Amino acid sequence: MARSSSSASSGSKSAGAKTSAPKRATPGKSATKAPANSPAAGGDSFELRSLQDSFEQDKRFHADEQTLLTFYEKMLLIRRFEEKAGQLYGLGLIGGFCHLYIGQEAVAVGLQSALEEGKDSVITGYRDHGHMLAYGIDPRVIMAELTGREAGISRGKGGSMHMFSTERAFYGGHGIVGAQVPLGAGLAFAHQYRGDGGLCVSYFGDGAANQGQVYETFNMASLWNLPIIFVVENNQYAMGTSVSRSSAETEFYRRGTAFRIPGMEVNGMDVLEVHQAAKVAVEHVRGGNGPVLMELNTYRYRGHSMSDPAKYRSREEVQGVREKSDPIEMAKAELLKLGVDEDKLKDIDKAIRAKVADAADFAEKSPEPEPSELYTDILVGNY
């Protein structure tokens, strides 16, 4: 859920301040001059507001009918898949924790549609089903993993919170809050080391944004000029605590300022705005300019996990977001403006529901892992 424009503008002056004071050399050490445009130089040419300013000039991607239909179908697939996952959890077919992505679909779809699948790596936390679907991974193997089946993408041993696909360069699914951020820097370093032209997108939430390891990673990523996009999925509630109660600085896109990482603030409920912002960030990082920090203001309709009744907010609040800012309904309205027949959209929804039902049926009929699987994937075979 995007904040008001006044909130965004109030933070722009601080975020755009330039450091002009000369840095003193450490006694006993020779001062090595960094390139003029690098963060370490601290020169006037390094603009922390440059990406946001560029983005503000043209904030929404001008999608043709087919491209927008693709975005719409991917978001709808995530929505229907997560709804079915919620049902299976209620039936006891999914155990442990299950964190649904309902309401946040525009973030993963808008961002990852600007990446190169298999080349650019993606890593996230435990709310990970949507990111996998956005990267084109088969819903059958995802649902089988959720239900702990042998056919699952992690052989049924990872469950909802730990899913991986090295073929698609998707590296989890991590249960430890904020752990994916330094791991993402490692993936970015691998891209840089190999010189493969790839970058890493590392997602984390507004709650994880207050973790110390996040800022250690910011420092290293900026110092080493790593090809990484840090994405804060700000869904307004860190577990059950609102952002205003849990964070002293609620403008998360400004959190990289101390490390000279440019920030971008984006309406995460609008897939066209997300995609446009992603294009700006990807071009910057791919050009060898170092990391970017993006704040995607979004909203989750369900609780933090399936076990969370979400009593810390009113039904009216959730319903208000659904009625005014739902990412799928916004995309649908855009498609209708482009002249797409509403019956075609109904047919798409029907086909996606059938696809998700097939995934659930496949998962339920798949066998559980053999007991011997307890002893596999314990140690790396060769290192």
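## Rings and helices in contact

Phe-218 is buried, with a relative accessible area of 1%, and this value, like the others in this report, was computed from a predicted model. Phe-204 is likewise a buried residue, its relative accessible area being 3%; both percentages lie under the 20% that marks a residue as buried.

The protein contains 14 helices and 7 strands, and 51% of its 383 residues are buried.

Phe-204 and Phe-218 form a tilted pair, with 6.5 Å from centre to centre and 55° between the planes of the rings. Because Phe-204 belongs to strand β2 (residues 200-205) and Phe-218 to helix α9 (residues 212-223), this pair ties together parts that are 14 residues apart in sequence. Ring pairs also link Phe-204 and Phe-218 with Tyr-215, Phe-230 and Phe-259 into a cluster.

## Two partners of helix α14

Helix α14 (residues 342-365) packs against helix α4 (residues 65-90) at an angle of about 40°, and the two axes are 9 Å apart. Angles under 35 degrees would count as roughly parallel, and those from 65 to 115 as roughly perpendicular; α4 and α14 are therefore oblique to each other. Where α4 passes α14, the crossing is right-handed. On the α4 side, the residues that make the contact include Leu-69, Tyr-72, Leu-76 and Phe-81, and on the α14 side they include Leu-345, Ile-348, Ile-352 and Val-356. Sorted by class, this contact has 11 nonpolar residues, no polar ones and 9 charged ones.

Helix α14 also packs with helix α7 (residues 139-146), here at an angle of about 45° and with the axes 8 Å apart. That angle makes α7 oblique to α14, and the crossing of α7 and α14 is right-handed. Pro-139, Arg-140, Met-143 and Ala-144 of α7 make the contact with Lys-355, Asp-358, Ala-359, Ala-360, Phe-362 and Ala-363 of α14. This contact has 7 nonpolar, no polar and 3 charged residues.

| α4 and α14 | about 40° | 9 Å | 11 nonpolar, no polar, 9 charged |

Are the residues of helix α5 (residues 105-112) buried or exposed? Helix α5 is mostly covered, since 8 of its 8 residues are buried. Among them are Glu-105, Val-107, Val-109, Leu-111 and Gln-112.

Ser-325, finally, is found in helix α12 (residues 315-325). Leaving aside residues up to four places away in sequence, Ser-325 touches Met-269 and Met-330. Ser-325 and Tyr-299 are 26 residues apart along the chain, and their C-alpha atoms are separated by 9.3 Å.

How values were computed. Residues numbered from 1 in each chain as written. Predicted model: local features only at pLDDT ≥ 70, side-chain atom pairs only at ≥ 80, totals over all residues. Heavy atoms only, no water. Phe/Tyr/Trp six-rings, centres within 6.5 Å; stacked < 30°, edge-to-face > 60°. Helix = DSSP H or I, 4+ residues; strand = E, 2+ residues; numbered from the N terminus. Buried < 20%, exposed > 50% of the residue type's maximum accessible area, 1.4 Å probe, protein only. Axes fitted to C-alpha atoms, helices over the stretch in contact; angles between N-to-C directions. Parallel < 35°, antiparallel > 145°, perpendicular 65-115°, else oblique. Left-handed = near helix turned anticlockwise from the far one by under 90°. Contact = heavy atoms within 4.5 Å. Nonpolar A, V, L, I, M, F, W, Y, C, P; charged D, E, K, R; others polar.
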